[in-house]
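Visitor: I would like to learn how to read a few features of a structure. Could you take me through them one by one?

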Amino acid sequence: MITLSDVTKTYGDTTVLGPLTLSVPGGGITALVGPNGAGKSTMLTIIGRLTEPTTGTVTIGGHDITRTPSRELARTASILRQENHFVTRLTVRELVGFGRFPHSRGRLTREDNRHVDQAIEFLDLGELEHRYLDQLSGGQRQRAYVAMVLAQDTDYILLDEPLNNLDMRHAVAMMKQLRKAADELGKTIVIVIHDINFASAYADHIIALTRGRVAQAGPPSELMTRSTLEEVFETPVEVRRDGPHPLAVYYR
Amino acid sequence: MTHTTRQGLPARPGARFGALPRIAALPVATVLVLGLVVASLFVGVYDIGGQEFGAEMFWITRIPRTSALVLAGCAMSVSGLIMQLITQNRFVEPTTTGTTEWATLGLLLTVIVAPQATLSTRMAVASCFAFVGTLVFLTILRRVALRSSLIVPLIGIMLGAVVSAFTTYLAVSTQLLQMLGTWFTGSFTSVVRGRYEFLWVVAIVVVIAYVVADRFTVAGLGKDVATNVGVNYNHVMLVGTTLVAIASGITTVVVGFLPFLGLVVPNLVSMVRGDNLRSNLPWVCLGGIAIVTLCDIVGRVIRMPFEIPVSMILGILGAAVFITLLLRQRRHG
């Protein structure tokens with residue numbers, strides 16, 4: 001379980017997040033949704049200790065993130081930011097191998113290599129594993145980053161816009177893999193996601209943020225209503241319920 | 001920006017060399033570089049085989065000179081590599097970040113304030129100044145919003161120019177300009193027994209760099225990725241800065257400026273082998289040794305019995321490679 005209590009983030013006089021007090025249940029996929037600037041990424045990076053909250057405390061799997069040694073935390077939770085730009089020339093396999101750093105400090109054991117193999121296969125990167133990152137397309141690189149985080153093999157996985165740059169096929173594949181990781185490996189996955197319909201189709205739990213506060217939280221079936229979505233996104237939305245999952249239609 | 005697949009590059013690193021030659025590559029390169037080093041021992045005006053004091057001359061000047069070449073070559077190229085990783089910028093090395101200029105200032109100050117200071121004191125002071133200077137550079141870097149790859153070395157070069165202008169002013173007003181000129185034109189001419197031994201500290205720096213190599217590689221992926229895998233980013237930055245300051249401080253005092261070495265070698269190695277620091281370190285050292293030794297031999301032979309400072313030849317070579325890199329980067333986006 002992840003808990004936030006009285007978490008705020010302010011830059012100067014503007015409060016971009018909070019005060020937030022909430023808990024994210026352990027297990028399953030939780031999607032953070034909301035309009036631009038609602039504080040989704042801020043919330044995620046605070047949980048992942050990449051951004052320091054102005055006030056408040058965060059615990060993840062029982063660890064207070066400010067008191068737990070960074071290396072120990074790195075074996076509990078992993079986080080991938082939205083923007084990643086590496087100047088370093090590494091091959092996909094080398095990069096994924098660095099996901100094992102919290103476990104082996106860089107010298108990969110057989111066990112580490114097994115996790116690396118698994119993560120590479122999980123994200124369908126087998127053919128690309130010896131390619132350099134700068135020789136890949138945006139979507140391929142995005143998969144390599146996610147593979148790195150998966151290789152870290154933590155109970156909690158925090159991903160900011162993991163579908164960035166992915167085409168339809170790979171976006172669906174990515175969500176299926178995350179679903180599998182949650183169901184079969186018991187991971188707790190928190191994702192910031194733009195496409196509300198992916199959240200509806202794959203998440204167990206949706207937290208909608210507006211202006212740094214929680215507007216609504218609950219399972220997709222509860223959240224995917226016209227009134228809620230229109231309130232959160234401030235745009236006309238129609239919700240269709242004729243398929244297996246409620247779908248928001250908002251294109252024109 | 002587009003990131004298209006690079007045409008013409010091998011899909012697997014080293015695949016075009018086949019499997020067996022790849023294993024043999026490092027030993028072969030080592031033997032080649034050793035050959036250069038041995039050649040360096042026997043190049044010079046004094047005929048050590050034929051003339052009367054051949055053996056003494058060999059021990060007093062040739063061995064020290066060649067050892068200094070090897071150590072300084074390692075020092076500058078490894079420093080460059082570490083700096084490139086911790087700043088995440090390909091165009092950074094001690095002479096494009098002001099590090100060596102600060103070391104120079106430190107050295108000049110010891111000469112002015114304590115003319116009797118020993119060589120080791122001077123080195124310590126120079127290294128401290130190099131450390132402070134590198135921290136100043138990194139601090140400015142953190143505050144600069146536009147961290148495009150060319151802005152970063154530009155800031156460093158400007159910073160270095162300011163420091164070096166101040167150093168020149170000091171030197172002019174204390175009548176030490178001539179000393180400054182001769183001291184810092186990177187050259188191995190004056191390296192003799194008793195004047196270079198501190199360079200061995202560089203060997204320790206390289207060993208430490210090897211031990212913590214993976215942490216530097218992780219830091220090279222950025223603060224967020226480093227934090228994610230439990231690496232203390234600021235700690236790594238500090239260790240890196242210290243290593244660079246020691247290596248470049250000592251090299252500056254013993255040898256002088258060796259421009260571009262830290263730029264050329266790591267970039268060439270990275271093009272062929274990628275950026276995994278631990279496995280690249282031997283290559284970077286070998287590359288640094290080879291280029292410095294070669295430039296020094298050329299400098300000694302080209303106008304015999306006179307010598308052209310190694311820094312001049314390095315400058316020409318380095319500038320050419322620097323421009324090539326820039327053009328390559330433009331083409332590949």
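Visitor: Leaving aside neighbours within four places in sequence, which residues is A:Gln152 in contact with?

Guide: First, the ground rules. This is a predicted model: local features need pLDDT of at least 70, side-chain atom pairs count only at pLDDT 80 or more, and totals for chains, interfaces and linings use all residues. Residues are numbered from 1 along each chain as its sequence is written, chains are lettered from A and ligands numbered from 1 in the order in which they are written, and side-chain values use heavy atoms, with hydrogens and water left out.

Guide: Contact means heavy atoms within 4.5 Å. In chain A, A:Gln152 touches A:Ala74, A:Ala77, A:Ser78, A:Gly99, A:Arg100, A:Pro102 and A:His103. In chain B, A:Gln152 touches B:Asn228 and B:Val229.

Visitor: Where is A:Gln152 found? Is A:Gln152 buried or exposed?

Guide: Elements come from DSSP runs, numbered from the N terminus: helices are H or I with at least four residues, strands are E with at least two. A:Gln152 lies in the loop between H6 and strand E7 (156-160) of chain A. A:Gln152 has 0%, so A:Gln152 is buried.

Visitor: What is phi of A:Asp153?

Guide: Most residues other than glycine have a negative phi. A:Asp153 has a positive one, near 50°. A:Asp153 is in the loop between H6 and E7 of chain A. Its relative accessible area is 30%, so A:Asp153 is partly exposed.

Visitor: What is phi of B:Gln88, and where is its place?

Guide: Phi of B:Gln88 is also positive, near 55°. B:Gln88 sits in the loop between helix H2 (54-87) and H3 of chain B. With a relative accessible area of 22%, B:Gln88 is partly exposed.

Visitor: At what angle do H5 and H6 of chain A pack?

Guide: Under 35 degrees is roughly parallel, over 145 roughly antiparallel, 65 to 115 roughly perpendicular, and the rest oblique. H5 (residues 110-122) and H6 (residues 138-151) of chain A pack at about 140°, with axes 9 Å apart. H5(A) and H6(A) are therefore oblique to each other.

Visitor: Which residues of H5(A) and H6(A) meet?

Guide: From H5(A), A:His115, A:Ala119 and A:Phe122 meet A:Ala147, A:Leu150 and A:Ala151 in H6(A). Sort such residues by class: Ala, Val, Leu, Ile, Met, Phe, Trp, Tyr, Cys and Pro are nonpolar, Asp, Glu, Lys and Arg are charged, and the others, Gly among them, are polar. This contact of H5(A) with H6(A) has five nonpolar, one polar and no charged residues.

Visitor: At what angle do H3 and H6 of chain B cross?

Guide: Helix H3 (residues 99-113) and helix H6 (residues 177-184) of chain B cross at roughly 135°, their axes coming within 12 Å. That angle makes H3(B) oblique to H6(B). B:Thr104, B:Leu107, B:Leu108 and B:Val111 in H3(B) meet B:Met179, B:Leu180, B:Trp183 and B:Phe184 in H6(B). By class, the contact of H3(B) with H6(B) has seven nonpolar, one polar and no charged residues.

Visitor: How many helices and strands does chain B have?

Guide: Chain B has 13 helices and zero strands. Of its 333 residues, 51% count as buried.

Definitions and conventions:
Axes fitted to C-alpha atoms, helices over the stretch in contact; angles between N-to-C directions. Buried < 20%, exposed > 50% of the residue type's maximum accessible area, 1.4 Å probe, protein only.
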